[in-house]
Amino acid sequence: MKKICAICGQQIENEKSVGASHVCLDCQSKTYKKLEEENGCHMAIFMACAAFSIPCEPLVCPIDLTNYEGDKWARYIELLEENGKLKSGNRVRTFFDGETNIRMIFGRELSEKNFARYIAAEQERIESLEGTETQRERWGVADKYTSEEYDDLDRMYDNRIAQYKGITVTDQMDYIITEACKWQLVADKRRRMGDIKAATDALKAVDQLLASESLRKKDEKPVESLKTDALVVALEKAGLMENGQLLKYDELIEVMRDRFVKSKKYNYSLDAADQMIADYYNNLRANADMGMLVVLPEDLQVEDEYGEFEPEETEEEKKRKRYAGLAPVQFGKE
Ligand SMILES: [Zn+2]
């Protein structure tokens, strides 16, 4: 179901851009402009964010947003999107995911000047933090990981998740694997400190977590017994069976050729292949003091049985042929 704008009643076209709000971007912009006239650019952003439950993220704003010629609110939304601030995973971020403390951003006097100061101070603070923003969001900050540990966690996660290639990783699986990585890091740290007991306990926690979702290697299900009906469907889909019947040998060879062998392999046309062969052949003849041929003998002609060549002469090919001095060939029976 499409969202309808709560102000103008029109269908909201780009739902992604309005976040949790039920007001279309146009109506949001109009509200923003009214607020901006009285309160200035940044304060209006804060207020519009609160009004439409859009996260207020001062750090995505360039300092010169005030001078932006176009629709500043639309630009702000764009900036949020560019910086991945409209969503967190699949969840739409709301006002409460951004900076909600107005005095933090604008100072006690709630002045526009303080906004720039806030950005500078925040940036400095963030730069001094360990790990990247993504890593801090993914692994949390409560455990006070170092940048190196964040990288270790990423690596452990990648290694574990690699085992599930081709399988949909559910949120629950993702959570378990994330937690398992955290415990694995604890185990590594403890082991390095010589605290073997604690390291062993942490490893047990890893094992228990994975067991809870049957994610251990030994929990893997044995290969499901082969189902003939599924096999027939798969073979029919691949064109190797028809109406539940196996194909005759000749038909099978044809289908296998058409489906699995036939494909374009060369980025030039059959003509180019013939011309190259004629050229090689004439060079061989010239070296053997034999006369040049204008007609390519039948047994040297290429048949494009598997559709391996470009159907038409390409521009690139024309250029190269000119460079190589290749000439059109005549075909004939010798
Ligand atoms: Zn509207």
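What arrangement do the four donor atoms make around the zinc ion? Keep that in mind while you get your bearings. You're looking at a predicted model, where local features need pLDDT of at least 70, side-chain atom pairs count only at pLDDT 80 or more, and totals for chains, interfaces and linings use all residues. Numbering runs from 1 along each chain as its sequence is written, and side-chain values use heavy atoms, with hydrogens and water left out.

**Stop one: the zinc ion.** Select Cys 5, Cys 8, Cys 24 and Cys 27: their SG atoms are the protein donors, 2.2 to 2.3 Å from the zinc ion. (Donors are N, O and S atoms within 2.8 Å of the metal, or 3.2 Å for Na, K and Ca; water is not among the atoms, so sites may look incomplete.) The angles run from 103 to 114°, which makes the arrangement tetrahedral (four donors, all angles between 85 and 135 degrees). Along the chain, the donors follow the spacing C-x2-C-x15-C-x2-C.

**Stop two: helix H9.** Now select residues 196-212, which form H9 (helices are DSSP runs of H or I, at least four residues, numbered from the N terminus). Colour Ala 199, Ala 202, Ala 205, Val 206, Leu 209 and Leu 210, the buried residues of H9 (buried means under 20% relative accessible area, exposed over 50%, partly exposed in between, with a 1.4 Å probe and protein chains only). These buried residues pack against helix H7 (147-162) and helix H8 (171-192). Then turn to the face away from the buried side, where you'll find the exposed Ile 196, Lys 197, Lys 204 and Gln 208.

Conventions
Helices (H or I, at least four residues) and strands (E, at least two) are DSSP runs, numbered from the N terminus. The expected span of a helix is 1.5 Å times one less than its number of residues. Contact means heavy atoms within 4.5 Å. Four donors count as tetrahedral if all angles lie between 85 and 135 degrees; four count as square planar and six as octahedral if opposite donors are over 155 degrees apart and all others between 65 and 115; anything else is irregular.
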